[in-house]
Each structure stands twice: as structure tokens, then as C-alpha cells.
Amino acid sequence: MPRTAPVEFLYDTHKWEKNQPLFFGINDKIQNHRRNCTAGEKNERPVSPRGASQIDERGIQYGKTNPGEKSMEDCAIEDRVVRYWTIRSRDFGAVRKNELGSAMGRRWQEELEARLPAKTPLNILDVGTGTGFFAILMARLGHRVTGIDLTPAMLEEAAAMAASLGLDIAFRHMDAQEPDFPEGTFDVVLSRNLTWTLPQPEKAYAQWYRVLKPGGLLLNFDADYAANVRSESTQNCSVAPDSPYGHVGMTEALVEENNAITLALDVGQKRPAWDEAVLKKVGFSRCRTDLTVGRRVLGAADLVHAPMFGVFAQK
């Protein structure tokens with residue numbers, strides 16, 4: 001078989017059918033990811049498990065991507081992140097579904113809507129879409145939305161939820177640090193609870209700047225979760241299944257893995273001051289932070305030791 005770039009997956013949610021598998025297997029995905037990392041270190045082209053670009057009977061498009069250059073250390077932590085969120089995907093999706101129908105979900109929609117340009121429809125990229133919460137909120141407002149994520153199981157949850165709501169959203173399997181879109185594609189880049197999971201957040205910020213149109217907006221919501229781990233707080237570690245926020249189905253092993261990943265990816269500097277400095281360095285203008293987002297949107301669920309913040313910037 002000739003060498004090709006690794007595949008990516010594009011979900012047309014209006015063609016998705018319940019219980020129809022969207023991936024050929026998480027173990028295959030992780031093994032291919034590891035091969036891609038190794039090939040990147042050797043400056044070779046990795047082998048795709050699917051071969052050349054194609055569209056199958058389910059409406060899923062398999063296209064080509066560039067593997068980029070990653071260290072084996074970055075690949076190892078990304079493997080752990082993918083495995084962790086694969087295990088968590090179903091419970092996490094249930095919580096996000098609860099959130100969509102809650103007062104918290106309405107507050108999120110109001111928060112985002114107030115910050116978006118008046119133009120409709122906007123072309124929006126939801127980076128690290130997870131189970132599609134932000135993507136769904138934006139699609140409900142009539143915008144064109146693309147959601148990308150590194151974890152296949154999370155994308156399956158996102159595609160199922162969007163399809164159940166009759167929303168047409170493109171979900172693509174893609175690394176947030178290497179978004180495979182032309183320069184100046186999007187009006188808005190959105191992100192929630194993602195940057196803390198990235199081995200190279202500086203690179204991600206630079207790439208998000210690249211894919212924005214001139215005058216485009218970055219709206220990033222995150223928290224210093226490493227500070228929460230170090231505090232040994234148990235806040236939100238175990239919540240009721242009908243909760244709109246927090247962790248459901250966590251075992252002791254999952255808590256330990258979450259904590260280990262979080263500390264391994266700590267930027268080691270105070271956030272969001274660090275984020276604002278990096279955004280200015282990569283070229284963003286009119287950068288500002290909001291330390292009250294969590295209190296305003298999450299209420300009592302906002303972490304005491306790691307309150308959610310917003311980082312907003314314009315290209």
C-alpha cells in the first residue's frame with residue numbers, strides 16, 4: 001500500500017443514524033496516532049488505516065491531513081488524554097446533555113451570544129468540541145459550525161446529540177494544535193476547557209490566529225485546573241447523574257489519571273495572565289480576560305480553587 005497522510009473524519013450529522021458506528025475502533029485510532037508520531041520524528045509520511053480520501057455509505061468523509069512534528073513525549077501524553085476521554089465519553093455526554101436543557105445552558109448561550117458579532121450566519125470553529133456543547137449552542141443560533149476534537153468517542157457523542165436535535169454540524173477528527181484549514185477561514189474560534197489538555201498550547205493559539213479571518217474573534221474559556229488538583233479539593237468530583245455540571249461515573253483510578261494528566265500539562269505560570277501574554281505574542285490585538293465568567297455562568301458549580309475565566313482576543 002502506498003504511504004498516505006492519516007485520515008480525518010467529517011460527520012454530516014443529518015446522515016448519522018443512531019447506533020451506527022462512526023469509527024473503526026479506538027485502539028486502531030490510538031495505534032495509528034502513535035505511528036504518526038513516530039513517523040513525524042523520523043520525518044516520514046505515516047500510513048493511513050483507510051488509505052486515500054473517500055466518502056463511505058454513511059456520509060463520513062475520509063480526507064488527508066498533515067501529521068505535523070511532535071515529540072514522542074507529546075504523543076505519549078496525547079495518547080493518555082485520548083484514552084481518558086474515551087472512557088469518560090458516555091458519562092460526559094450525558095452531563096452535557098443535561099447542561100443543554102438547564103438554566104446553565106441558557107446562561108452559556110447568552111454569554112456567547114453577547115460576545116459574537118451581529119452578523120449571521122457566522123463561520124465558527126469549536127476547537128476541542130468534546131460532545132458538541134458549544135457547537136450545538138451556536139448551530140441553534142443559525143451559524144455554520146465545525147467542531148473538531150482528538151477523541152473519536154467524544155465526536156460520536158457529539159454527532160449523536162446534534163442529530164437528535166436536527167442540527168447540521170460538521171464534526172471532524174483533528175488535533176486542536178494543528179487545525180487543517182486554510183488561513184482566514186473562520187469568523188470565530190471557540191474553545192472551552194481545552195487549553196489545559198494541550199501539550200503545546202502556544203502552538204495552538206498561533207494556529208487559531210492563523211485560521212481566523214482578519215477581525216475574527218477568539219473566545220476561550222478555561223481554568224487553572226492544576227491549581228485545583230494541588231488543592232486536593234473534591235468539589236464536583238462526584239455529582240448526581242442528572243447534574244448539568246461536574247463529574248459522573250468517576251472511579252478512583254479515573255480521578256488519579258485525571259490528576260496526573262492535569263499536573264503533567266500545567267503551563268507552570270499564572271493563568272489567564274499567561275494566556276493573554278501568549279496571544280499578544282502570536283499577533284492578537286485587543287486581548288482581555290474576564291475572571292467572573294465562572295461565577296456568572298456556573299454559579300455554585302464554579303471551582304473555588306480554579307474558577308473559570310474567559311480570554312478574548314481579536315485578529
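Biologist: Hi! Which unit do E7, helix H6 and E8 make?

Modeller: Together, E7, helix H6 (residues 201-211) and E8 make a right-handed β-α-β unit. Right-handed here means that, with the strands pointing away from the viewer, the path from the first strand over the helix to the second runs clockwise. Helices (H or I, at least four residues) and strands (E, at least two) are DSSP runs, numbered from the N terminus. Keep in mind that this is a predicted model, where local features need pLDDT of at least 70 and side-chain atom pairs count only at pLDDT 80 or more, while totals for chains, interfaces and linings use all residues. Residues are numbered from 1 along each chain as its sequence is written, and side-chain values use heavy atoms, leaving out hydrogens and water.

Biologist: Thanks! In what sense do E7 and E8 pair?

Modeller: Strand E7 (residues 186-192) pairs with E8 in the parallel sense, over six bridges. For two strands to pair, DSSP has to find at least two bridges between them.

Biologist: How many residues of E8 are buried?

Modeller: Eight of the 11 residues in E8 (residues 212-222) are buried, so the strand is largely enclosed by the rest of the structure. Buried means under 20% relative accessible area, exposed over 50%, and partly exposed in between (1.4 Å probe, protein chains only).

Biologist: New topic: how many aromatic pairs are there?

Modeller: A search of the whole structure gives 11 aromatic pairs. Rings of Phe, Tyr and Trp (its six-membered ring) pair if their centres lie within 6.5 Å; planes under 30 degrees apart are stacked, over 60 edge-to-face, and the rest tilted. One of the pairs is tyrosine 84 with tryptophan 85, edge-to-face at 4.9 Å centre to centre and 80° between the planes. Tyrosine 84 and tryptophan 85 are both buried.

Biologist: Which residues form the aromatic cluster?

Modeller: Trp108, Phe133, Phe134, Phe221 and Phe312 form one aromatic cluster.

Biologist: Last one: how many disulfides does the structure hold?

Modeller: The structure holds zero disulfides, a disulfide being a pair of cysteine sulfur atoms within 2.5 Å. As for individual cysteines, cysteine 237 is partly exposed at 26% relative accessibility, and cysteine 287 is buried, with a relative accessible area of 13%.
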